[in-house]
Amino acid sequence: MASSRGHFLFHRFFYLGSVIVRGQKKNYSAYWLVAALVFFAAFLLCGFYNRPASDDFEFLRVVKAKGVTGSMLFFRDTWNTRWAAILWLNIWLKCYLVTGTFFWYHLITLLALITSASFAVKRVTSYYLHSPLNNKTIFILASCIAMALFYSTFSIPDTWFWINTSTMYGWSHIYAFLAIGALFSKQHTIKDSIVLVIAAIFIGGGNEPFALNAILISGFAAIALTKTNAANKIRMLLLFIACVALSFLYSYAGNGHTVRSSLLPHPGVTGLSWILVKSLVKFTLLYLPSRLPAILLFLVPFYFLGSNYKGMIRTRSLVRYTFIAGAILLVTALAPVVFIMAEMGPERAWSQLSLYLTLGGAILFFIAGYRFRERIELIRIIPFTGIMGIALVIATSVSAVFQAKAYSHAWDNRMHSIATQLTTASDEILVTGSLPAPGWLHSAEIAEQPEHFTNQHLQHYLNTPLPIRRIRNN
């Protein structure tokens, strides 16, 4: 029944989008609105089908035993020091223990992503444009940013759906948008300061590599503003830097980072520098090109925004500075990961690069719209990019939803089988076969060896002395 309701919601979203297009044939924004509606439906359906996986079982066990804050303190001193993100994680794990679903977490995540991106778009455009944008335009631009960020993410499952890490990486992007909106306020009210402080605390205590870059970017911005009459904005930047730094230091003071560091190789400065160089080349040649299509398709609306801009822009200088800043941020984003892990690290650790690609792409499309506003041939191809954006979302999201549905049913059946064996088995619990591909979700697959950490987490969560082992189908 719940599955039928989910697919009905998906089809209603798509029908609404088709009605919008038929009624506004010359309104190119309708293309991206349709894409956004389909994307929202798919995101929520995958959230509905999401299930605990891997480390989630260990965090569920500890939060049941120690509570929200007790679990955070436990992991801060034993494994993961990202205290702000773990507090947020624990709140939603408590919710899962009551409701048995992650749907509400993903609903709040989606709403927060669109709201924060809208807040940033509204504040930035109001700061620079002579006339404010209407709410519909703000919503479409924010939705395009959200889709570009999502599809340019190097690990969609870990950044947006695995609750254990999406509270760290995905939510740090959400708070980054809130910080941008607060910093671009014209009045700098108390509310802006509160929003900025909350965002800074979460970034500093939820995503250490991103926190370091946030301090670096804010510091350069504050130095650049010393030559202008912007004392209030400098004070806001200094407040942001201070709060990020304090939250980061509280994370670093936990013993968990020492525990994790003891398990990692330490090749020395020369070795790490060579690994960094190889990582930069590998990222630029192999990973970056695969994410550019999403940037090109979903950020085209910013071309329209630039074509309507009436002020003056030194386009060549702005383009040059954008690429220079991007190159610097690439190094400063990968360097902490490499120097900590002695490798490129998991793809979720590069999530901040997706944020920089998205924001940089929006800036470049704005400049292109301003520079080439008279080029009619460019305007003519824009509808095709919108159609391609819709096609990309439908092609990827429909597949992801059906994969997630099949995966969730297999997960439910496996857990039912394990629950049955808990009352009948005497030596060990056997899990037959493998879980299907989870699509956008993070897989809860366990290993054939009972001592593997995924098996151990599940065993401890179920509070059974029986080892759990996966066996292959004959």
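**Close-up views of the predicted model**

**View 1. Val-277, which is found in helix H14 (residues 268-298), belongs to a nonpolar patch on the surface.** Helices (H or I, at least four residues) and strands (E, at least two) are DSSP runs, numbered from the N terminus. The structure is a predicted model, in which local features need pLDDT of at least 70 and side-chain atom pairs count only at pLDDT 80 or more, while totals for chains, interfaces and linings use all residues. Residues are numbered from 1 along each chain as its sequence is written, and side-chain values use heavy atoms, with hydrogens and water left out. The patch is formed by Trp-274, Val-277, Val-281, Leu-285 and Leu-286, which together have about 540 Å² of accessible area, a quantity that comes from the Shrake-Rupley method with a 1.4 Å probe and, for residues, only the protein chains shown as cover. Patches are made of residues with over 30% relative accessible area and no salt bridge, where like charges are joined within 9 Å and nonpolar side chains (Val, Leu, Ile, Met, Phe, Trp, Tyr) within 5 Å. Val-277 has a relative accessible area of 42% and is therefore partly exposed; buried means under 20%, exposed over 50%, and partly exposed in between (1.4 Å probe, protein chains only).

**View 2. Phe-39 and Phe-150 form an edge-to-face pair.** A pair of aromatic rings is described by the distance of the centres and the angle of the planes. Rings of Phe, Tyr and Trp (its six-membered ring) pair if their centres lie within 6.5 Å, and planes under 30 degrees apart count as stacked, over 60 as edge-to-face and the rest as tilted. The structure holds 37 aromatic pairs. In the pair of Phe-39 and Phe-150, the ring centres are 4.9 Å apart and the planes stand at 65°, so the pair is edge-to-face. This pair links distant parts of the chain, since Phe-39 is in helix H2 (residues 29-49) and Phe-150 is in helix H6 (residues 135-152), 111 residues apart. Both Phe-39 and Phe-150 are buried.

**View 3. Phe-43 and Phe-161 form a tilted aromatic pair.** Their centres are 4.8 Å apart, with 40° between the planes. Because Phe-43 lies in helix H2 and Phe-161 in helix H7 (residues 156-161), the pair ties together parts that are 118 residues apart in sequence. Phe-43 is buried, as is Phe-161. One aromatic cluster includes Phe-39, Phe-43, Phe-150 and Phe-161, and among its other members are Tyr-151, Trp-160 and Trp-440.

**View 4. Arg-76 lies over the face of Tyr-250.** The distance from Arg-76 to the ring centre of Tyr-250 is 3.9 Å. A charge sits over a ring if NZ of Lys or CZ of Arg is within 6 Å of the ring centre and within 35 degrees of the ring normal. The charged end of Arg-320 likewise sits over a ring, that of Tyr-321, 5.5 Å from its centre.

**View 5. Arg-123 and Asp-192 meet in a salt bridge.** Side chains of opposite charge can pair when their charged atoms come close. A salt bridge is a side-chain nitrogen of Lys or Arg within 4 Å of a carboxyl oxygen of Asp or Glu, and the structure holds 10 of them. Between Arg-123 and Asp-192 the N to O distance is 3.0 Å. Arg-123 lies in helix H5 (residues 103-128) and Asp-192 in helix H10, so the pair ties together parts that are 69 residues apart in sequence. Arg-123 is partly exposed, with a relative accessible area of 23%, whereas Asp-192 is buried, with 3%.

**View 6. Asp-158 forms a salt bridge with Arg-348.** The closest N and O atoms of Asp-158 and Arg-348 are 2.8 Å apart. Asp-158 lies in helix H7 and Arg-348 in the loop between helix H16 (315-341) and helix H17 (351-371), so the pair ties together parts that are 190 residues apart in sequence. Asp-158 counts as buried because its relative accessibility is 10%, while Arg-348, with 21%, is partly exposed.

**View 7. Glu-428 and Arg-469 meet in a salt bridge.** The N to O distance between these side chains is 2.7 Å. Glu-428 lies in the loop between helix H18 (376-424) and strand S1 (429-432), and Arg-469 in strand S2 (residues 468-471), so the pair ties together parts that are 41 residues apart in sequence. Glu-428 is partly exposed, with a relative accessible area of 25%, and Arg-469 is partly exposed too, with 26%. Salt bridges that share partners also join Arg-414, Glu-445 and Arg-470 into one network.
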